[in-house]
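Biologist: I've got a few things to ask while we both look at this one. Please put it up on the screen.

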Amino acid sequence: MRNRFTRGLCLVAASAAISTSLGLAAAGAASASSHPQVTKNATTVCGSLCFDLSSALLGPHMIQNAVGGADGTSINLRNDGNAKVNEDFSAGFVGFLGSYCPNDGGTGLSADSYVCTNYPPFWDVFEGNFAPDSNESGLCVGLAEPSIAQRVSLQSCGAETLTLFVGDRAHGLGGDCRIPGNYCPWVAASDTFLTHPLALKVNAFSKHPLNVLRVDRENLSGGVVSDNQQFTTATGPAF
């Protein structure tokens, strides 16, 4: 049985289900957050095929970056730039949650997991494919092992469910996670915990590399998680 979140989420089902790519909903839409407006800064070649991921903690000019490129072992947030190919990631809508949750007839995730018990079957599931200069590498941001806190890294896209993420709207700062400027946690769909799921987090105190991205358990304060686990997206270069 799904919990109380689902009833409220069904009210936005129509608009949530029709968008099929991360961060592409109504680029000019108003944000419910008071955080700075996001910028668009993929490489010019990657253009609208790419998206930038940034955090509420560090602001819109620190975006997702593959440290060392395809041969690297870490993902971090780095100063944006339109010539930095390691910051190119293509958004990958891979389907709806019901295709992966056994309680909705799907396979791959735990029926008792946070995402399968809190979100409806029409909820979007995403991957972030490393795509320097728009050339998809087949490597996606993900976990090396399921259900433990760790740094995220580049993993084979579609490798089990370790590269799948779901926007946790219920614990965000307001509004549709896919609209630029609306911040929310991005939960590792493969996590098997019923509560306090693993969600993307920036460690602003890391050294090697700086601002490393990892997954850690959500911890709530006033019904939301802290800014180091709140993320938003923007698409394409600002040209």
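Biologist: Where is Pro 209 found?

Modeller: Pro 209 is in the loop between strand S11 (198-207) and strand S12 (210-217). Strands here are DSSP runs of E with at least two residues, helices are runs of H or I with at least four, and both are numbered from the N terminus. Keep in mind that this is a predicted model, where local features need pLDDT of at least 70 and side-chain atom pairs count only at pLDDT 80 or more, while totals for chains, interfaces and linings use all residues. Residues are numbered from 1 along each chain as its sequence is written, and side-chain values use heavy atoms, with hydrogens and water left out.

Biologist: What kind of peptide bond joins His 208 and Pro 209?

Modeller: A cis one, with omega at about 0°. Most peptide bonds are trans, and most residues other than glycine have a negative phi.

Biologist: OK, phi then. What is the phi of Asn 211?

Modeller: Asn 211 has a positive phi of about 55°, although it is not a glycine. Asn 211 lies in strand S12. Ser 147 also has a positive phi, near 65°, and sits in the loop between strand S6 (139-142) and strand S7 (150-151).

Biologist: Is Ser 147 buried or exposed?

Modeller: Ser 147 counts as buried because its relative accessibility is 17%. The cut-offs are under 20% relative accessible area for buried, over 50% for exposed and partly exposed in between, using a 1.4 Å probe and protein chains only. Asn 211 is buried too, at 11%.

Biologist: Switching to charges: how many salt bridges are there in the whole structure?

Modeller: Four. A salt bridge here is a side-chain nitrogen of Lys or Arg within 4 Å of a carboxyl oxygen of Asp or Glu. Side chains of opposite charge can pair when their charged atoms come close.

Biologist: Which residue does Arg 217 form a salt bridge with?

Modeller: Asp 191, with the closest N and O atoms 2.6 Å apart. That pair links distant parts of the chain, 26 residues apart: Arg 217 is in strand S12, and Asp 191 is in the loop between S10 and S11. Asp 191 counts as buried, at 3% relative accessibility.

Biologist: And which residues are linked in a network of salt bridges?

Modeller: Lys 201, Arg 214 and Asp 216. Arg 214 and Asp 216 come to 2.5 Å between their closest N and O atoms, and both residues are buried. For Lys 201 and Asp 216 the closest N and O atoms are 4.0 Å apart. Lys 201 lies in strand S11 and Asp 216 in strand S12, so this pair ties together parts that are 15 residues apart in sequence. Lys 201 is partly exposed, with a relative accessible area of 24%.

Biologist: Now the nonpolar side. Which residues touch the most other members of the largest nonpolar core?

Modeller: Ile 75, Phe 89, Leu 154, Trp 186, Leu 200, Leu 213 and Phe 231, out of 26 residues in that core. S11 gives the most to this core, with three residues. Apart from it lies another core of 15 residues, among them Leu 109, Val 125, Ala 189 and Ala 199. A nonpolar core means a set of buried Ala, Val, Leu, Ile, Met, Phe, Trp, Tyr and Cys residues joined through side-chain atoms within 4.5 Å.

Biologist: Where is Leu 109 found, and what is it in contact with?

Modeller: Leu 109 is in the loop between strand S4 (89-96) and helix H3 (114-118). Leaving aside neighbours within four places in sequence, its contacts (heavy atoms within 4.5 Å) include Tyr 100, Val 115, Thr 161 and Ala 189. The C-alpha atoms of Leu 109 and Asp 191 are separated by 8.1 Å, though the two residues are 82 apart along the chain.

Biologist: Last one: how many helices and strands does the chain have?

Modeller: Three helices and 15 strands. Of the chain's 239 residues, 54% count as buried.
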